[in-house]
Amino acid sequence: MLRTFLALAVAGFGSIGAASAHDTWLIPSAFEAKVGQTMRIDLTSGMGFPGLESPIGADRVQEASCRLGGVKEKTATVKAADRSLALTQSFPRAGLATVWVELKPRPIDLTDDQVAEYLDEIGATEDLRTAWAAQKGRHAWKETYTKHAKTFVTVGKVSGDRSWQTPVGMGLEIVPLGDPASLQVGSDIRVRLIGDGNPVAGLAVGLLIEGGDER
């Protein structure tokens with residue numbers, strides 16, 4: 001399994017402007033667990049992936065769930081920590097575990113300067129930039145954003161588990177097209193974007209690797 005942390009993010013879902021621009025990610029205490037092992041999985045927001053930086057309130061969680069070998073398990077225990085929201089999850093049998101968290105929608109207002117940085121962060125199209133330029137200074141930028149985070153953990157000896165290719169049903173979801181537990185250095189990564197159960201086209205996707213600061 002590729003041990004270097006990777007963050008895949010869909011641009012526009014989670015960036016909130018220059019004053020508080022943060023990505024959000026799930027980091028398990030280990031990507032390989034033993035059957036029966038209780039693990040801590042941290043949800044955090046920050047600028048320095050994959051470190052733990054800013055806590056997220058438990059009241060913001062819409063769903064925190066786990067699926068093991070294609071079967072949904074008991075919802076993870078969620079508790080606020082100093083620099084993260086800590087999920088506690090145990091795995092009763094071998095298989096590939098998929099853990100995900102969705103946060104409730106949150107409205108924000110951005111200043112003109114924050115919008116400029118925001119558009120760069122999300123890789124905005126020229127059409128969107130032109131539309132914003134036409135109303136800049138006349139109308140405030142208001143939006144409601146949501147955050148969707150997902151990660152994988154191999155539990156015990158995994159063989160033939162292809163549950164990674166089945167969406168879990170998030171509002172917006174990145175689904176790998178190859179086994180995430182078999183990635184090697186130099187491997188290609190192919191993913192599909194799913195929104196409310198349907199393929200999504202036309203969105204920018206960013207890749208961030210541990211130790212790097214460029215997408």
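## Overview

A residue is called buried when its relative accessible area is under 20%. By that cut-off, 41% of the 215 residues of the protein chain count as buried. The model described here is predicted.

The protein chain contains two helices and 16 strands. Among its contacts with a separation of 6 or more, 68% are between residues 24 or more positions apart. The chain exposes about 11500 Å², and carbon and sulfur atoms supply 49% of that area.

## Nonpolar cores

In soluble globular proteins, nonpolar side chains tend to be buried together. In this model the largest nonpolar core has 21 residues. Those with the most contacts inside this core are Leu 26, Leu 43, Leu 87, Phe 91, Ala 97, Val 101 and Val 155. At least two core residues come from each of the strands β4 (38–46), β5 (61–68), β8 (85–90), β9 (95–103) and β12 (148–155). Apart from this core lies another, of ten residues, which include Tyr 118, Leu 119, Ile 122 and Trp 132.

Phe 91 can be followed in detail. Setting aside residues up to four places away in sequence, Phe 91 touches Ala 33, Lys 34, Val 35, Gly 36, Gln 37 and Met 39, as well as Cys 66, Leu 68, Ala 97 and Val 155. Two of these partners, Ala 97 and Val 155, are also listed among the core residues with the most contacts.

## Aromatic pairs

A pair of aromatic rings is described by the distance of the centres and the angle of the planes. The structure has three aromatic pairs. In one of them, the ring centres of Trp 25 and Phe 49 are 5.0 Å apart and the planes stand at 90°, so the pair is edge-to-face. Trp 25 belongs to strand β2 (residues 23–28), while Phe 49 sits in the loop between β4 and β5, so the pair ties together parts that are 24 residues apart in sequence. Trp 25 and Phe 49 are both buried.

Trp 132 and Trp 141 form another edge-to-face pair, because their ring planes stand at 70° with the centres 5.3 Å apart. Trp 132 and Trp 141 are likewise buried. Ring pairs join these two residues and Tyr 118 into a cluster. Tyr 118 and Trp 132 are also among the members of the ten-residue core.

## Salt bridges

The structure holds six salt bridges. One of them joins the side chains of Arg 40 and Asp 42, with 2.9 Å from N to O. Arg 40 counts as partly exposed because its relative accessibility is 40%, whereas Asp 42, at 8%, counts as buried. In another, Lys 72 meets Glu 63 at 3.0 Å, again N to O. Glu 63 has a relative accessible area of 24% and is partly exposed.

A further salt bridge is formed by Asp 109 and Lys 142, whose closest N and O atoms are 3.3 Å apart. Asp 109 lies in strand β10 (residues 106–110) and Lys 142 in strand β11 (residues 141–145), so this bridge ties together parts that are 33 residues apart in sequence. Both Asp 109 and Lys 142 are exposed.

## Helix α2

Helix α2 spans residues 126–135. One of its ten residues is buried, so the helix lies largely in the open. Gly 137 follows α2 and has a positive phi, near 85°.

## A three-stranded sheet

Three strands make an open sheet in the order β13-β14-β15, with antiparallel pairing. The edges are taken by β13 (172–176) and β15 (198–199); each has a single partner strand, so one side of each is left without a neighbour in the sheet. Strand β14 (residues 191–195) is joined to β15 by two bridges. Across this pairing, Ile 194 stands opposite Pro 199 in β15.

## Val 78 and its surroundings

Val 78 is part of strand β7 (residues 77–80). Its relative accessibility is 28%, so Val 78 counts as partly exposed. Neighbours within four places in sequence aside, Val 78 is in contact with Ala 58, Ala 64, Leu 85, Ala 86 and Leu 87. Another partner, Leu 87, is one of the residues with the most contacts inside the largest nonpolar core.

Notes. Residues are numbered from 1 along each chain as its sequence is written. This is a predicted model: local features need pLDDT of at least 70, side-chain atom pairs count only at pLDDT 80 or more; totals for chains, interfaces and linings use all residues. Side-chain values use heavy atoms; hydrogens and water are left out. A nonpolar core is a set of buried Ala, Val, Leu, Ile, Met, Phe, Trp, Tyr and Cys residues joined through side-chain atoms within 4.5 Å. Buried means under 20% relative accessible area, exposed over 50%, partly exposed in between (1.4 Å probe, protein chains only). Helices (H or I, at least four residues) and strands (E, at least two) are DSSP runs, numbered from the N terminus. Contact means heavy atoms within 4.5 Å. A salt bridge is a side-chain nitrogen of Lys or Arg within 4 Å of a carboxyl oxygen of Asp or Glu. Accessible areas come from the Shrake-Rupley method with a 1.4 Å probe; for residues, only the protein chains shown count as cover. Rings of Phe, Tyr and Trp (its six-membered ring) pair if their centres lie within 6.5 Å; planes under 30 degrees apart count as stacked, over 60 as edge-to-face and the rest as tilted. Two strands pair if DSSP finds at least two bridges between them.
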